[in-house]
Amino acid sequence: MAALGQEIRWENIGDPIQKNHPLPAWIKEIIASLTLQNESYGYCPSKGILDTREFLAARTNERKGVTISAEDICFFNGLGDAIAKVYQYITPTSRVIGPSPAYSTHSSAEAAHASHEPLTYKLDPENKWYPDLDDLYNKIKYNPNVVGILIINPDNPTGMVYPLEHLKRIVDIAKEFNLFLICDEIYLNITYNGATAYALADVIGDVPGIAMKGISKELPWPGARCGWMEYYNRDKDKEFDRFCHALDNAKMIEVCSTKLPQLAIPKILSDPRFKIYREETNRKIGKRSKIIADILRTVPQLTFNETYGAFYNTIIFREGALKATQKIKIQNSEIKNLVEQWTAVEMPLDKRFVYYLLGAKGVCVVPISSFCSDLQGIRVTLLEEDEKKLVETFTAVRDGIIEYLASA
Ligand SMILES: Cc1ncc(COP(=O)(O)O)c(C=O)c1O
């Protein structure tokens, strides 16, 4: 489509750098100075650099929820690598239940390990995207194969931040059914407009669990391919301890994970400028969240929730709003032909809309049906740094939706 002259606005991926976010010069200088040290170019211990793991363990311990040591931390080549491994080392018949809509790296990896459909609990768009705890409880109660619960907090794709009471209840459910918890906290420090995200470490008590963290979003440095797992309460459950060992051993087979970002982490995160930078960046994301809300929440056929964390929003078409005959006018006849060709096969109705939006308005969003959900909708990002472009993009999305829905 780009080759046919369509200018594309990429709303499909959570990469702040791609959306022109300027990484502060002082962070670049820290990284640049590390590249001048010879030791940056060698291997490092399989689980990660000891000083960095000690630094991260101390930060978690400061929260006063759990106590971990450097031994309870293992680095991976991005959380994507960690996610792929964590499900791979669970017995195939055992299941981890995760949220729906789902960040598909988790749901696909979990489904692949079990050779089955993903097992999900509902996040409720009619209740601020909070998890439906009755649904979660019942699905666990009636499925003895469930061994773990996945939480993504703050959430991708909805931008929801789990309230403290919900997290505590999930920990209670895990305790009742002898499950372990996985909490993807890659967005933990990306909250705004008055919200705070509580860490798994704050609420887990003596339940076994894994927190997954990384720097792809918070620095942001997604190209570093650097994330880590923190194991909580290994000493309380022998089976869980064995599982953590299996994950460490999996990393040993690969020798180690990317070293340069591990060297940079303590230097950047302990710099007093980091907190100020993160607060400022979060404030900007929060402002964009409100701008998008002002543009889109007025469309009556949509279920719209304001976001409070991460940098995505999931916008749902009300039931029956989408039809297979709807269209948006596309001026360029070649692009029109392409869209008609792409949409000629049977596909989810939200995916069909996404193709028309791309062809007519040049905005590339992601259909919610691809996030392991029965709902129909789109996921957008809150990353556009240029406010004028942001308003243009979301006005184009709104106009596209209105025209599409009114067309048939
Ligand atoms: C919830 C969540 N977890 C993990 C990742 C992957 O992070 P990484 O770049 O560290 O592989 C993403 C990326 O979008 C994400 O949204």
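Is Asp206 buried, partly exposed or exposed? At 38% relative accessibility Asp206 counts as partly exposed, where buried means under 20% relative accessible area, exposed means over 50% and partly exposed covers what lies in between, calculated with a 1.4 Å probe on protein chains only.

Before moving on, note that this is a predicted model, in which local features need pLDDT of at least 70 and side-chain atom pairs count only at pLDDT 80 or more, while totals for chains, interfaces and linings use all residues. Residues are numbered from 1 along each chain as its sequence is written, and side-chain values use heavy atoms, with hydrogens and water left out.

**Stop 1: salt bridges**

Asp206 sits in the loop between α7 and β8 (209–214) and Lys175 in helix α6 (residues 164–176), so the pair ties together parts that are 31 residues apart in sequence. Helices (H or I, at least four residues) and strands (E, at least two) are DSSP runs numbered from the N terminus. Lys175 is also partly exposed, with a relative accessible area of 49%.

Next, select Asp202 and Arg63, whose side chains form a salt bridge at 2.8 Å, N to O. Asp202 belongs to helix α7 (residues 200–203) and Arg63 to the loop between α2 (50–61) and β2 (73–76), so this pair ties together parts that are 139 residues apart in sequence. Asp202 is partly exposed at 29% relative accessibility, and Arg63 is partly exposed at 37%.

Then go to Lys251 and Asp81, where the side chains meet in a salt bridge of 2.8 Å, N to O. This pair links distant parts of the chain, with Lys251 in helix α8 (residues 238–253) and Asp81 in helix α3 (residues 78–88), 170 residues apart. Both Lys251 and Asp81 are buried. A search of the whole structure finds 27 salt bridges.

**Stop 2: the ligand**

Select the ligand and the 14 residues around it, of which Leu79, Asp184, Tyr187, Ser216 and Arg225 come nearest; a residue is near if one of its heavy atoms lies within 4 Å. An oxygen atom of the ligand is 2.7 Å from a polar backbone atom of Leu79, and an oxygen atom of the ligand is 2.8 Å from a polar backbone atom of Gly80. At Arg225, an N or O atom of the side chain is 2.7 Å from an oxygen atom of the ligand. The protein covers 92% of the 400 Å² of accessible area that the ligand has on its own, by the Shrake-Rupley method with a 1.4 Å probe. Helix α3 supplies the largest share of the shell, 4 residues.

**Stop 3**

Turn to Asp248 in helix α8, which is buried at 6% relative accessibility. Not counting residues up to four places away in sequence, Asp248 touches Lys47, Glu71, Cys74, Tyr231 and Arg234, contact meaning heavy atoms within 4.5 Å.

Finally, select Asp237 in the loop between β9 (227–232) and α8. Leaving aside neighbours within four places in sequence, Asp237 is in contact with Asn178 and Pro208. The C-alpha atoms of Asp237 and Val207, 30 residues apart along the chain, are separated by 8.6 Å.

Definitions and conventions. Salt bridge = Lys/Arg side-chain N within 4 Å of Asp/Glu carboxyl O. Polar contact = N/O pair within 3.5 Å; in protein donor to acceptor, adjacent residues only side chain to side chain.
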